[in-house]
Amino acid sequence: MSTAIITRRASSRLSLLASLRSLSSRAASSLDADVIVVGGGHAGCEAAAAAARAGASTLLVTQRLDTIGEMSCNPSIGGVGKGHLVREIDAMGGLMGGVADAAAIHFRLLNRSKGPAVRGPRVQADRDLYRAAMQAALRRCSGLSIVEDSAEDLLLLDEGGVGGVRTGSGRTLRARAVVLTTGTLL
């Protein structure tokens, strides 16, 4: 890889991180929301974007802004099983399919020689491009703010239910709904 490409990628990542930190500081001035989503992986990104699309003011709480949309060591999206899930998410206006297309480095139709019921499109994605594309897609979501902090405790309501989270920095974030998407890395 040439030095120019590496420098361009590093510069792009720094400006992206600055944009995300700006979103995080804007969220600090209005900490209350309709929905708080904890976790910035696949499920958290989709849950936060869906809540914001539905018109709810949404906070996405993540430990590190630069790892939002981080893929596992196997950067594939789709296949026979997961492909159905990706198409369902896409049909409901989700982000994963479009982000995977933007970061794709290889497309393949699995089980091409078999019947249509077991064929499955799969994309191998560049992990860095996927993360950057997901972060960009979240920045475009109106009504979504991102908070860089850890969710340390749930705020339990006297009448039952959850009313928010307490963060590692001691902030209290209140919301009508809390969605936990801690993922497989927990």
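A disulfide is taken here as a pair of cysteine sulfur atoms within 2.5 Å. The structure holds 0 disulfides by that criterion, because the sulfur of C141 has its closest cysteine sulfur in C45 at 9.3 Å, which is too far for a bond. A disulfide is a covalent bond between the sulfur atoms of two cysteines.

This is a predicted model, in which local features need pLDDT of at least 70 and side-chain atom pairs count only at pLDDT 80 or more, while totals for chains, interfaces and linings use all residues. Residues are numbered from 1 along each chain as its sequence is written, and side-chain values use heavy atoms, with hydrogens and water left out.

**Overall architecture**

The secondary structure of the chain comes to 5 helices and 9 strands, where helices (H or I, at least four residues) and strands (E, at least two) are DSSP runs numbered from the N terminus. Read from the N terminus on, the elements follow the order α-β-α-β-β-α-α-β-β-α-β-β-β-β. Of the 186 residues in the chain, 39% are buried; buried means under 20% relative accessible area, exposed means over 50%, and partly exposed lies in between, computed with a 1.4 Å probe on protein chains only. Contact means heavy atoms within 4.5 Å, and among the contacts in the chain with a separation of 6 or more, 60% are accounted for by residues 24 or more positions apart.

**Strand β1 and its partners**

Strand β1 (residues 33-38) is largely enclosed by the rest of the structure, because 5 of its 6 residues are buried. Two strands are said to pair if DSSP finds at least two bridges between them. By 5 bridges β1 is joined to strand β9 (residues 172-180), the two running parallel, and in this pairing V37 stands opposite V179 of β9. A parallel arrangement with 4 bridges also joins β1 to β2, where V38 has V61 opposite to it.

Strand β2 (residues 58-62) includes T58, which counts as buried because its relative accessibility is 2%. Leaving out residues up to four places away in sequence, T58 touches A33, V35, V37, A48, A51, A52, G143, L144 and S145. A polar atom of the T58 side chain also lies 3.5 Å from the backbone nitrogen of A52; a polar contact is a pair of N or O atoms within 3.5 Å, where within protein one must be able to donate a hydrogen and the other to accept it, and residues adjacent in sequence count only if both atoms are side-chain atoms.

**The antiparallel sheet and its loop**

An open sheet is formed by 3 strands in the order β3-β5-β4, with antiparallel pairing. Its edges are β3 (76-78) and β4 (104-110), each with a single partner strand, so one side of each is left without a neighbour in the sheet. From one strand to the next the twist averages 20 degrees, the axes being lines fitted to C-alpha atoms, for helices over the stretch in contact, with angles that run from 0 to 180 degrees between N-to-C directions. Over 6 bridges, β4 pairs in the antiparallel sense with strand β5 (residues 120-125), and H106 has Q124 of β5 as its bridge partner.

The loop between β4 and β5 is the place of V118 and also of N111. Although N111 is not a glycine, it has a positive phi of about 60 degrees. Apart from neighbours within four places in sequence, V118 is in contact with V80, L110 and N111. The C-alpha atoms of V118 and G79, 39 residues apart along the chain, are separated by 9.4 Å.

**Accessibility of selected residues**

| Residue | Relative accessibility | Class |
|---|---|---|
| T58 | 2% | buried |
| C45 | 0% | buried |
| C141 | 14% | buried |
| N111 | 31% | partly exposed |
| V118 | 35% | partly exposed |

**Helix α5**

Helix α5 (residues 127-139) has 13 residues and reaches 18 Å from its first C-alpha to its last, close to the 18 Å expected at 1.5 Å a residue; the expected span of a helix is 1.5 Å times one less than its number of residues. The N-terminal end of α5 is capped by D126, a side-chain oxygen of which lies 2.9 Å from the backbone nitrogen of D128. The buried residues of α5 are Y130, R131, A133, M134, Q135, A136, A137 and L138.
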